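Let's take a friendly walk through a protein model together. Have a look at the sequence and the structure, then read on.

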Amino acid sequence: MWARPDTGDAPTSYPAPTFSAAKGIFESIVWLKSAEVVPLRVEVCSPLLYHGYTTNYGGPLRSSEQVRSGNNYQLIATVLVNVCYRLYAEVKRDHPPANRLTEAGRARVAAMSNGAHAYQEMFERRLNRGQFARVPCLGWQEFVPDYVGPFRSQTRVQEDIHFVLPSMLHAVFPSGKYSLRAPQFRQNVRIERGVLRYAP
């Protein structure tokens, strides 16, 4: 469920994970302060099949009366089923902004090992062992994948999938862990031959 913000209280999924969602999947396997994961593209490897989904919602968006009386309401959504994606990213060495560090902090950062290299080693080791920092999810936390691991030889990109999304959420926190909430959208996002490329 890669929820489209423009679909309101009956959300519908984008056909592929947003940049932020892809980043979250990588970081659920391993997250390091000294590295920044930048998703590059996603390949859609199964037909797009939408399905109606209803759940009882008990969160903070209920009316005051519903909260007081402990009542839930039914949330209706349109989700994807039986999805398969291949995700690609690059990892960069990450440094906190200098104005957020003390002099001692700047000295520690200067002496740090290569965070990107460390991230790649840890990521590959955990992926091969099936270990996670936290369980990856497919948008909503109740949607967990049945496989997260090295690419499988039988997985094929759905090259018959072509379309343009007029607008797609890119990132909620555009500068990662150093920024406040400031949603960014991309216009005319293309999925061509089953591949969505995340623009910088």
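## A question to start

Is E90 buried, partly exposed or exposed? In this predicted model, E90 is partly exposed, because its relative accessible area is 35%, between the cut-offs of 20% and 50%. The side chain of E90 meets that of K92 in a salt bridge, with 3.8 Å from N to O. K92 is also partly exposed, at 42% relative accessibility.

## The sheet

Now find the open sheet, where 5 strands follow the order β4-β1-β7-β6-β5 with antiparallel pairing. At its edges are β4 (85–93) and β5 (163–171), each of which pairs on one side only. On average, neighbouring strands of the sheet are turned by 30° against each other, direction ignored.

Strands of a sheet pair through backbone hydrogen bonds. Here, β5 and β6 (residues 184–192) run antiparallel and are joined by 7 bridges. As an example, V164 has R190 in β6 as its bridge partner.

## Helices across the strands

Helix α1 (residues 19–29) lies across β1 (35–44), β4 and β5, and runs at about 115° to β1. Helix α4 (residues 115–129) lies across β1 and β4, at about 150° to β4.

## Charged partners

Side chains of opposite charge can pair when their charged atoms come close. The whole structure holds 8 salt bridges. One of them joins E43 to R86, with the closest N and O atoms 2.8 Å apart. This pair links distant parts of the chain, since E43 is in strand β1 and R86 is in strand β4, 43 residues apart. E43 is buried at 7% relative accessibility, and R86 is buried at 16%.

E43 also forms a salt bridge with R41, at 3.6 Å between the closest N and O atoms. R41 is partly exposed, with a relative accessible area of 23%. Elsewhere, K23, E27 and E36 are linked in a network of salt bridges.

Definitions and conventions
Residues numbered from 1 in each chain as written. Predicted model: local features only at pLDDT ≥ 70, side-chain atom pairs only at ≥ 80, totals over all residues. Heavy atoms only, no water. Pairing = 2+ DSSP bridges. Helix = DSSP H or I, 4+ residues; strand = E, 2+ residues; numbered from the N terminus. Axes fitted to C-alpha atoms, helices over the stretch in contact; angles between N-to-C directions. Contact = heavy atoms within 4.5 Å. Salt bridge = Lys/Arg side-chain N within 4 Å of Asp/Glu carboxyl O. Buried < 20%, exposed > 50% of the residue type's maximum accessible area, 1.4 Å probe, protein only.
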